[in-house]
Amino acid sequence: MHIFVTGGAGYIGSICSEELLNVGHAVTIFDNLTEGHRKAVDSRATFVNGDLAKRKDIMTAVAKAKPAAIMHFAANALVGESMTNPSKYFRNNVAAGINLLDAAVEAGVTKFIFSSTCATYGTPEKVPIDERLPQRPINPYGLSKLMFEQILNWYDKIHGLVHVNLRYFNAAGASEKFGEDHRVETHLIPNIIKVALGQRETAEIYGDKYPTPDGTCIRDYVHILDLAAAHMLALGAEKSDSYNLGCGEGFSVRQVIEVVQKVSGVPIPVKVQPPRAGDPPRLVSSSHKIISQLGWKPKFPRLLPIIESAWAWHQKYPNGYGD
Ligand SMILES: NC(=O)c1ccc[n+]([C@@H]2O[C@H](COP(=O)([O-])OP(=O)(O)OC[C@H]3O[C@@H](n4cnc5c(N)ncnc54)[C@H](O)[C@@H]3O)[C@@H](O)[C@H]2O)c1
């Protein structure tokens, strides 16, 4: 199949593109490189440097590629920034995304995989979180993703755009070639690894008085290669649906720090900071639906191989993509 990948120069999009190419799909990557990196674009893919906000750019690129499916990773994804600059999130994640949907309809594309997020649930009523829980985002980032899910629903009803919303929990880890190098890094694992590499002094713990066994927040980490595998399975979906994408097990911030310490052999000094507003104590996915309906079977459902792969990549590329 020919897959059109927006945001394929970013962390998740680059590795999903690599995996698509590995199994023989053709890939066109569309990215404006504001957050992504040219070096993260697989050399086997066709690259289009374009911006979703420029309607002509995206209409032309999709019409030219005539893809069988679109995977839409491109977005702004910093929760904190969305609380100070909501306009950026609604413009890029919603308005610019509509240009892509129109391009899909005009080119006759009927399959669409969307990178959604557990942030659409807000602070959940119960954990593990399954897809039937109400979606009540508590920040503009989460709302922008929920709005796009809702818009997709209408594009299916009106234009027959079959779509799969994959609501990721915490994507982590690396392939051999590509890894996590966000320009502003807010993710826990790469930031602890930076301490192990001597690039940061301390690992920050935001709050240690949460109602969890060690007082720090608990999150669900999913290996980037398992996440890529879920995208391939979603290509086969015949009707629109939404799936949570996490491993169903939670690890606290302190547990993650311990595993990085073990894998790297470097002691990690920590600094406890005040809790961040709107950080729920526990976010753990129920993965039953994606396992039973799409046949997803994570190969690396443990924290150790996730951190080992991330550590290996960061050791090989201590300055990330270097741009
Ligand atoms: N990283 C996670 O743990 C996580 C969790 C839940 C959801 N997500 C979602 O997954 C997707 C990918 O996340 P990521 O961590 O790889 O982010 P990323 O920032 O590394 O990648 C996003 C890519 O999209 C590109 N982009 C952004 N706006 C664009 C535009 N207007 N036109 C063209 N390209 C544009 C950026 O240059 C970048 O390469 C995002 O939609 C994010 O919301 C990520």
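Trainee: Which residue forms a salt bridge with E125, and how far apart are the closest N and O atoms?

Mentor: Look for a side-chain nitrogen of Lys or Arg within 4 Å of a carboxyl oxygen of Asp or Glu. In this predicted model, E125 pairs with R136, and the closest N and O atoms are 3.2 Å apart.

Trainee: Is E125 buried or exposed?

Mentor: Read the relative accessible area. Exposed means over 50%. E125 has 57% relative accessibility, so E125 counts as exposed.

Trainee: How do E81 and K88 pair up?

Mentor: They form a salt bridge, with the closest N and O atoms 3.0 Å apart. Now check accessibility for each partner. E81 is at 26%, so E81 counts as partly exposed. K88 has a relative accessible area of 27% and is partly exposed.

Trainee: Which residue forms a salt bridge with D241?

Mentor: The partner is K289, and the closest N and O atoms are 2.7 Å apart. D241 is in strand β11 (residues 241-245) and K289 is in helix α9 (residues 288-294), so this pair ties together parts 48 residues apart in sequence. Both D241 and K289 are buried. Salt bridges can also share partners, and in that way D42, R44 and K177 are joined into one network.

Trainee: How many salt bridges does the structure hold?

Mentor: The structure holds 16.

Trainee: What should I check for a charged residue with no salt bridge, such as K111?

Mentor: Start with burial, then find the nearest opposite charge. K111 is buried and has no salt bridge. The nearest side chain of opposite charge is E238, 6.5 Å away. A salt bridge needs a distance within 4 Å. Next, look for polar atoms of the backbone. A polar atom of the K111 side chain lies 2.7 Å from the backbone oxygen of A237.

Trainee: Where is K111, and which residues does it touch?

Mentor: K111 belongs to strand β5 (residues 111-117). Leaving out residues up to four places away in sequence, K111 touches A68, A69, I70, L161, V162, L235, G236 and A237.

Trainee: What does β5 give to the shell around the ligand?

Mentor: Take the shell residue by residue, then group by element. The ligand has 30 residues around it, and the closest are D31, F73, N92, Y141 and K145. β5 gives the most to this shell, with three residues.

Trainee: Which backbone atoms lie by the ligand's oxygen and nitrogen atoms?

Mentor: Go atom by atom. A polar backbone atom of G10 is 3.1 Å from a ligand oxygen. A ligand nitrogen lies 3.1 Å from a backbone N or O atom of N32. For T34, a backbone N or O atom is 3.3 Å from a ligand oxygen. Then look at cover. On its own the ligand has 830 Å² of accessible area, and the protein covers 96% of that. The elements giving two or more residues to the shell are α1 (11-22), β5, α5 (140-159) and β7 (170-172).

Trainee: Where does E201 lie, and is it buried or exposed?

Mentor: E201 is in the loop between α6 (188-196) and β8 (203-206). Its relative accessible area is 72%, so E201 is exposed.

Methods: Residues are numbered from 1 along each chain as its sequence is written. This is a predicted model: local features need pLDDT of at least 70, side-chain atom pairs count only at pLDDT 80 or more; totals for chains, interfaces and linings use all residues. Side-chain values use heavy atoms; hydrogens and water are left out. Helices (H or I, at least four residues) and strands (E, at least two) are DSSP runs, numbered from the N terminus. Buried means under 20% relative accessible area, exposed over 50%, partly exposed in between (1.4 Å probe, protein chains only). Lys and Arg count as positive and Asp and Glu as negative; His and the chain ends are not counted. A polar contact is a pair of N or O atoms within 3.5 Å; within protein, one must be able to donate a hydrogen and the other to accept it, and residues adjacent in sequence count only if both atoms are side-chain atoms. Contact means heavy atoms within 4.5 Å. A residue is near a molecule or strand if one of its heavy atoms lies within 4 Å of it. Accessible areas come from the Shrake-Rupley method with a 1.4 Å probe; for residues, only the protein chains shown count as cover.
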